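Hi,

Here is the structure I promised to send over.

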Amino acid sequence: MYLEFKASQSVRLSIATPTALLQHYLRQPQRLVYALTDPTRVEFLGSDRFRLKMRPLNFLMVSLQPTVDLAVHANSDGSLQLRSLSCEIRGVDYINRRFHLALQGYLSPQATASGTDLIGLADLQVGVDIPPPLDLTPRPILEATGNGLLKSVLLTIKQRLSQHLVADYQRWLTEVETNGSGDWLTPVPVSSS
C-alpha cells in the first residue's frame, strides 16, 4: 500500500535589527543549516549543498534514519530557499527503495517599523510503500501517524530556528562589531551549542 504524508509549517520571528544587517547574515546559508540541526549531523558537500543525517524516527514499529541532501540558496535580496535533492533511509532497505521525500522552504526578511520580521514556510511531503505486515494497519491510522510524524519534524525545525538562528545572529552581530563592520559577507564558523 502506497501512502503520501504532508505537513507545512510557517514561522514569523520579529527581530529588532535593521533589515540590511539580517540580509547580510542570511547570505551565509551554512549558518541556517547549522542553526537548524546539530552541527555534528551535517556534512558540507560544497557550494550550497549539505548532507543532513537526521535523528532516528519511529513510525509505528519501524525505526527509520533519513539522510537528506539539501540545497540552500541565498538570494541577492537576503532571502533563502531550501530544497531537498535526495534522501536515503538507513535501517530498512525495503522502505529505502520505496521512499520519496520532498522538502521545500524559504526564509525572507521583511522590514517593519520596529526592525525586521523573518518570515518562512516549509512544506514536507513523504511517499512510501508501506511494508508488510504494517500494510494490514488501517489506512486512517497510518495516515494520522505519518502526518503527525511530519508535523513534529517541522515543529522541531521551527523551534530550533526560533532559538538557535536568533542566537547565532546575535553572535554574528557581536563578531561583526568586534572585527569591524567592513567584512559582513565572510562566512564565520558556527559554534555548536
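Helix α2 (residues 29-36) is mostly covered, with seven of its eight residues buried, where buried means under 20% relative accessible area, exposed over 50% and partly exposed in between, using a 1.4 Å probe and protein chains only. Those buried residues are Pro29, Gln30, Arg31, Leu32, Val33, Ala35 and Leu36. Helices here are DSSP runs of H or I with at least four residues, strands are E runs of at least two, and both are numbered from the N terminus.

Before you read on: this is a predicted model, so local features need pLDDT of at least 70 and side-chain atom pairs count only at pLDDT 80 or more, while totals for chains, interfaces and linings use all residues. Residues are numbered from 1 along each chain as its sequence is written, and side-chain values use heavy atoms, with hydrogens and water left out.

Helix α1 (residues 19-26) has six of its eight residues buried, so the rest of the structure largely encloses it. The ones in question are Thr19, Leu21, Leu22, His24, Tyr25 and Leu26.

Now the core. A nonpolar core is a set of buried Ala, Val, Leu, Ile, Met, Phe, Trp, Tyr and Cys residues joined through side-chain atoms within 4.5 Å. The largest one has 50 residues, and Leu32, Leu103, Leu107, Leu118, Leu161, Leu165 and Tyr169 touch the most other members. Helix α4 (residues 139-179) gives the most to this core, 11 residues. Tyr169 is worth a click: beyond its neighbours within four places in sequence, it is in contact (heavy atoms within 4.5 Å) with Ile15, Thr17, Pro18, Leu21, Leu22 and Tyr25.

On to the strands. Strand β1 (residues 2-15) has a covered face made of Leu3, Phe5, Ala7, Gln9, Val11, Leu13 and Ile15. Its uncovered face holds Tyr2, Glu4, Lys6, Ser8, Ser10, Arg12 and Ser14. β1 runs antiparallel to strand β8 (residues 115-129), and 14 bridges join the two; strands pair if DSSP finds at least two bridges between them. Within that pairing, Val11 stands opposite Gly120 in β8.

As for the whole chain, the protein has four helices and eight strands, in the order β-α-α-β-β-β-β-β-α-β-β-α from the N terminus. The C-alpha trace spans about 60 × 35 × 25 Å along its principal axes. Of the 193 residues, 45% count as buried. Among contacts with a separation of 6 or more, 63% come from residues 24 or more positions apart.

Cheers
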